Amino acid sequence: MACGAAREGKSDTAALELLPSAPRKMNESKTGGSQNPTCVFCRKNDDCPIKYGEKKTNEKWNLTVHYYCLLMSSGIWQRGKEEEGVYGFLIEDIRKEVTRASKLKCCICKKTGASIGCVTPRCKRSYHFPCGLQRECIFQFTGNFAILRSPCCKNAWFHRDCLQVQAINAGVFFFRCTICNNSDIFQKEMLRMGIHIPEKDASWELEENAYQELLQHYEHCDVRRCRCKEGRDYNVPDSKWEIKRCQCCGSRGTHLACSSLQSWEENWECLECRGILYNSGDFQKAKKHTLPNTNVGITDCLLEESSPKLPRQSPGAQREDLLRQGSKFRRDISTLIIELGFQIKKKAKRLFINKANIWNSALDGFRNQNFNPSYTIEIAYVNENDHFGKEQPGSKQEFLSLLMQQLENSPLFEGSLSKNLSLNSQALKENLYYEAGKMLAISLVHGGPSPGFFSKTLFNCLVYGPESTQPILDDVSDFDVAQIIIRINTAATVADLNSLINEYYNYLELIGCLRLITSLSDKYMLAKDILVYHVIKRVQAPFESFKQGLRTLGVLEKIQTYPEAFCNIFCHKPENLSTKILSDLFTVHTLSDVQALGFWNSYLQAIEDGKSTVTMEDILIFATGCSSIPPAGFKPTPSIECLHMDFPVGNKCNNCLALPITSTYKEFQENMDFAIKNTLRLEKEENSHFIGH
């Protein structure tokens, strides 16, 4: 019997499911005094956030409620803002709901005040929230009732109380499956199963200096034979006595020389992690080997040395490659991109860009027969609706930043944060994968932002080739395919494995992954075959086209020569901006107002301390059009000047920020906040007229 629901805001619904169980008598608490007031709905004075939600008292109106009692009540809606009334529920609405509930009897305890009604129109039963808990009712905060089962890990199950404790502590940003770390699908199902997920930051994130020790780098050599005369804690960067941490756990280390590592970019696993990897199904058939020019035995090499993941090469070529790496891997990414920029000629090519249709504007410009990627790019913004054909000079770096955002969110890629190429037949037909690679190459060479959204698998395919790259489960964005791989990997017997093969026979036959099963360990190779097909073989045509586009201006060759330097900007987002970074970024023009500059520094600190709704990224976008610092830096260098005016002005073509000269800091902050927020809001609205491409 499905029972009663309240709404929170405009979208959330709540429902109650009463499961059959033996009748129980609920021990009702006596009404407490003013020191421990009772909830106006359930009339209990218990203060248990996990069971009843946070207990909130409005002293002005002498009104106390449990959050879940309020949220589940059927006749009340959240009409106010979060800071109004109680959790956004207005006081007058709460009073009306209490009056309404006073006429309704709880079908369990037979007392009045039952505010939660049945969701089925014909059913007239009502409940108190605690009574429902006593009778093992299930309260749902959205959707309809579903069985308690993990949606992402089919063999996993959870205690309801444990999940509720986890949800309250983790909040909506960190609540996820403890087995596979899925959050989106897991949260939706947990809401359907009656778990309340508060919209707040995790409790551990709110603690001051929480996990401060995690910011400390591990610096100790743990190999059995440390060869450093200065001791295991001796660490000298850019030398053979630099300490490298285990790439798996990060809690063990080695001097480069102690493990015969030629450079920092080589992979290294500690004894424990290497043992686990060696015993895993995917590693069993790996050949034992030693690195060139070492006297280390096979056992030492397997357990303590690097596990090179390089392109297939002859021993001589690999030895030369390892020797070269010592000098090449330290190359700074900005230097490499500046070197690529030497190809740019002074001859300029103007691109006419409609900001409401960045993608197609760029596509038309780059496909123009007169366009040459080595020409200097000039940007002119135009508006299709402007019949007078007016042009406005635009910032090249802003254009490239907007273009990379379009590329990241385009249907050419799939995945949430770390993306792989998708299979889009229409895009393939229109040669868009080639154009995407070309856009990315042009953006990098001409001073655009870091891509930052590639998966390690896609990057390794570009550098080492698809045949030398092993994808992982996180690369699979198709939920159904991921479930097939998970079920195969977790098969407990040969019979179970064969049953799964029969179940997915047509799919496995279609993708060419059918194989004869002779032992349970064959499941790992089967899962690997599916992974390789779905992530690599399936998108072979888009990949080759994308790779050809990335060869523009020699970018792909540079990436393959210096993979370690480029990996950081392709696979990771730029570091968060800070007061120091922004202060160092902007140069100050001479004869600037001293007081205004003091206000500027105080303003940056206030933003870093969370005392402003403006972010560091907002300031950078306002002044330059970019939300992060490009790998090659800004041209021209961002600057600050102080002018006698009411509001700040950002000149994105010159990367100049003009600060207002005001008499008080409060006025300065208010004017900065107002101008930056409203300018960015208007720009976002203008750009949102065109969605997709």
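This is a predicted model: local features need pLDDT of at least 70, side-chain atom pairs count only at pLDDT 80 or more; totals for chains, interfaces and linings use all residues.
Residues are numbered from 1 along each chain as its sequence is written, and side-chain values use heavy atoms, with hydrogens and water left out.

**View 1. Phe413 and Phe453 form an edge-to-face aromatic pair.** Their centres are 5.1 Å apart, with 85 degrees between the planes. Rings of Phe, Tyr and Trp (its six-membered ring) pair if their centres lie within 6.5 Å; planes under 30 degrees apart count as stacked, over 60 as edge-to-face and the rest as tilted. Phe413 lies in strand E15 (residues 413-414) and Phe453 in the loop between helix H14 (432-445) and helix H15 (456-464), so the pair ties together parts 40 residues apart in sequence. Helices (H or I, at least four residues) and strands (E, at least two) are DSSP runs, numbered from the N terminus. Both Phe413 and Phe453 are buried (under 20% relative accessible area, with exposed over 50% and partly exposed in between; 1.4 Å probe, protein chains only).

**View 2. Phe175 and Phe186 form a tilted pair, one of 20 aromatic pairs in the whole structure.** The ring centres are 5.4 Å apart and the planes stand at 55 degrees. Phe175 is in the loop between helix H5 (160-174) and helix H6 (184-192), and Phe186 is in helix H6, so parts 11 residues apart in sequence are tied together. Phe175 is buried, at a relative accessible area of 0%, and Phe186 is buried, also at 0%.

**View 3. Strands E12, E13 and E14 form an open sheet in that order, with mixed pairing.** Two strands pair if DSSP finds at least two bridges between them. Strands E12 (345-353) and E14 (392-394) each have a single partner strand, so one side of each is left without a neighbour in the sheet. From one strand to the next, the twist averages 35 degrees. E12 and E13 (residues 375-381) run parallel and are joined by seven bridges; Arg350 has Glu378 in E13 as its bridge partner.

**View 4. Lys355 lies over the face of Tyr381.** The distance to the ring centre is 5.0 Å. A charge sits over a ring if NZ of Lys or CZ of Arg is within 6 Å of the ring centre and within 35 degrees of the ring normal. Lys56 lies over the face of Tyr87, at 5.8 Å from the ring centre.

Note on methods: Axes are lines fitted to C-alpha atoms, for helices over the stretch in contact, and angles run from 0 to 180 degrees between N-to-C directions.
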